[in-house]
Amino acid sequence: MPADAPRIVIVGAGPTGLGAAWRLQELGHTDWDLYERAETAGGLASSVVDDQGFTWDLGGHVLFSHYEYFDRLMDTAVANWVEHEREAWVWIRNRWIPYPFQNNIWRLPDDDLIACLEGLLDLHRAPPTSAPRAFDEWLLQSFGRGLCDTFMFPYNRKVWAYDPGKLDVGWMGERVATVDLTRVLRNLVRRTDDVAWGPNATFRFPLHGGTGAIWRSVADRLPAERMHYGCQVTGIDTRRKILTFGDGSTTPYDTLLSTMPLDHLLLSLRDQPTLTARASQFVHSSSHIVGVGLAGETPEEFSTKCWMYFPEDQAPFYRCTVFSNYSPHNVPAPGRQWSLMAEVSESPDKPVDGARVLDETVAGMRACNLIRNDPRIVSRWHRRLSYGYPTPWLGRDGVLMEIDAQLTALDILSRGRFGGWKYEVSNQDHSVMQGVEAVDHVLRGSPQPTYDDGM
Ligand SMILES: Cc1cc2nc3c(=O)[nH]c(=O)nc-3n(C[C@H](O)[C@H](O)[C@H](O)COP(=O)(O)OP(=O)(O)OC[C@H]3O[C@@H](n4cnc5c(N)ncnc54)[C@H](O)[C@@H]3O)c2cc1C
């Protein structure tokens, strides 16, 4: 990296790019610019107000935080928050089971419960002796056959849009809780619900404007003359270090911090055919976000639920959020309306008919008893996100490591949800910190634990 005062160019005004820009300002570095193809900031963490006045996130965004830096940024960005206790449920066998599912299998019908227990006891009697080669094996070794067949396999197929056998291991970290057999048995005997969120039992959400309000506010606090919207990067000359935009204009850089999807970045490298050829190795899924605005008060049954998982085929969605619970202002008439937001995954292995997904989602909501007694639907909203989940495909880590080393040698850092392509560190807090740590690395040579170690 150039030693003194490099010109740093950021591509993308999502949380990663904004985190980087924020850090540059904080450090008093003056030679930087940010280019974003959209007309506003926020990326996948944006919010939308539909024609009926309902606010939607692009998928249910829950603000986790693993970093004090991120907490301080949130406090600066938004004054008014709504505090929530997490309450997540699984709809299965026509009943609600509290999440984490494995702790609460006592609520299952007897046959399913027995299958889950047999699987757990088999694991206990004969613990696995070899390392899992793929995510399906990891699930089997962690939860046993019964839990996998009942919930883990169908749910994971639905959320990833790929068979778990196509996914790698090692990325899960804290995301998937493992099973404590004693605890499962104790819950069964006592018939107690066990939600086990630990220290992350609460989260906060902006009172106004959805998740996107956070990022609009961060962007507004950065110097306007450095924030360039409506600028899509279409080509990169890595030898002369020049970016080209859709309108043919160009800008030079010393260091490029890119947050566009990594496969797109590779395809933009006009003078690096070996890297460009690797773009086809990357695997991702798309997300359909479907919002349904309803007249009337939130039914009692949903008045405290945050989000719900749907492993079965009754509904096309894998998750649904009672979005009006996140803030009363997510609906135009608080107290007299409520809203549900569902997420449907899509991939070449799991095609989705975009023209029918809205109707199918509403039908699924009825089939799963989310919508009952025919309330009036006052709004229907749908958005397809071409890039939704960065799939941790088999062999991902080796590919990422090689490509990152080659890009770094060209003074290019690719970071963020699809810039880094590491699902395990692709939430908003991780994304911001990938941007912050990238800047610290360029200017101070410090390590990048979020990206490098997936912490
Ligand atoms: C369905 C769903 C649910 C989620 N739920 C949660 C959650 O509960 N909690 C949580 O913390 N996070 C959640 N996230 C993740 C969150 O959205 C991401 O952490 C965050 O948006 C990633 O920020 P980013 O800047 O890396 O990428 P993005 O938000 O994708 O931003 C990248 C930006 O780059 C721009 N860009 C792309 N290509 C170009 C180009 N060629 N030229 C110029 N600009 C370009 C894009 O327009 C975009 O604005 C969820 C995401 C999805 C999709």
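Leaving aside its neighbours within four places in sequence, which residues is Leu413 in contact with? Here are my notes; keep in mind that you're looking at a predicted model.

1. Let's answer that opening question. Leu413 touches Leu257, Thr408 and Ala438, once its neighbours within four places in sequence are set aside. You'll find Leu413 in strand E19. Is Leu413 buried or exposed? It counts as buried, because it has 29 C-beta neighbours inside 10 Å, and the cut-off for buried is 20 or more. Have a look at Val442 too: Leu413 and Val442 sit 29 residues apart in sequence, with 9.2 Å between their C-alpha atoms.

2. Now for the sheet that E19 belongs to. It's an open sheet of five strands in the order E9-E2-E1-E13-E19, and the pairing is parallel. The edges are strand E9 (227-228) and strand E19 (412-414), each of which pairs on one side only.

3. Next, walk through some of the strand pairs. E9 pairs with strand E2 (residues 32-35) in the parallel sense, over two bridges, and Leu34 has Met227 in E9 as its bridge partner. E2 also runs parallel to E1, and four bridges join them; here Ile10 stands opposite Leu34 in E2. On to E13: E1 and E13 are parallel as well, with four bridges, and Ile10 is opposite Leu257 in E13. That's the Leu257 that Leu413 contacts.

4. Helix H1 lies across strand E1 (8-11), E2 and strand E13 (255-258), and it runs at about 155° to E1.

5. Zooming out, the protein chain is divided into domain 1 (8-83 + 207-282 + 393-453), domain 2 (101-185) and domain 3 (283-390). The centres of domain 1 and domain 3 are 28 Å apart, taken over C-alpha atoms. How many residues of domain 1 are in contact with domain 3? There are 22 of them, and they meet 27 residues of domain 3. On the domain 1 side, strand E4 (55-57) and H12 are the elements that give two or more residues. By class, that side of domain 1 has twelve nonpolar, eight polar and two charged residues.

6. Then there's the ligand. Its shell holds 38 residues, with Gly12, Gly14, Gly43, Gly59 and Gly416 the closest. Why does the ligand lie between domain 1 and domain 3? Both domains give residues to the shell, so the ligand lies between them. Helix H1 (15-26), strand E18 (377-390), helix H12 (417-420) and helix H13 (428-444) each supply at least two shell residues. The shell's residues are 15 nonpolar, 19 polar and four charged.

7. Last, a helix pair to check on your screen. Two packed helices are described by the angle between their axes and the distance between those axes. For helix H3 (residues 110-125) and helix H4 (residues 135-160), the angle is about 145° and the axes are 5 Å apart. Among the residues that meet are Ala115, Leu120 and Leu123 in H3, and Gly144, Leu147 and Thr150 in H4. The whole contact of H3 with H4 splits into six nonpolar, four polar and five charged residues.

Conventions
Residues are numbered from 1 along each chain as its sequence is written. This is a predicted model: local features need pLDDT of at least 70, side-chain atom pairs count only at pLDDT 80 or more; totals for chains, interfaces and linings use all residues. A residue is near a molecule or strand if its C-beta atom, placed from the backbone, lies within 6 Å of it. Ala, Val, Leu, Ile, Met, Phe, Trp, Tyr, Cys and Pro count as nonpolar, Asp, Glu, Lys and Arg as charged, and the others, Gly among them, as polar. Domain bounds come from an automatic or database domain assignment. Two residues are in contact if their C-beta atoms, placed from the backbone, lie within 7 Å. Axes are lines fitted to C-alpha atoms, for helices over the stretch in contact, and angles run from 0 to 180 degrees between N-to-C directions. Two strands pair if DSSP finds at least two bridges between them. A residue is buried if 20 or more other C-beta atoms lie within 10 Å of its own, exposed if 12 or fewer, and partly exposed in between; C-beta atoms are placed from the backbone.
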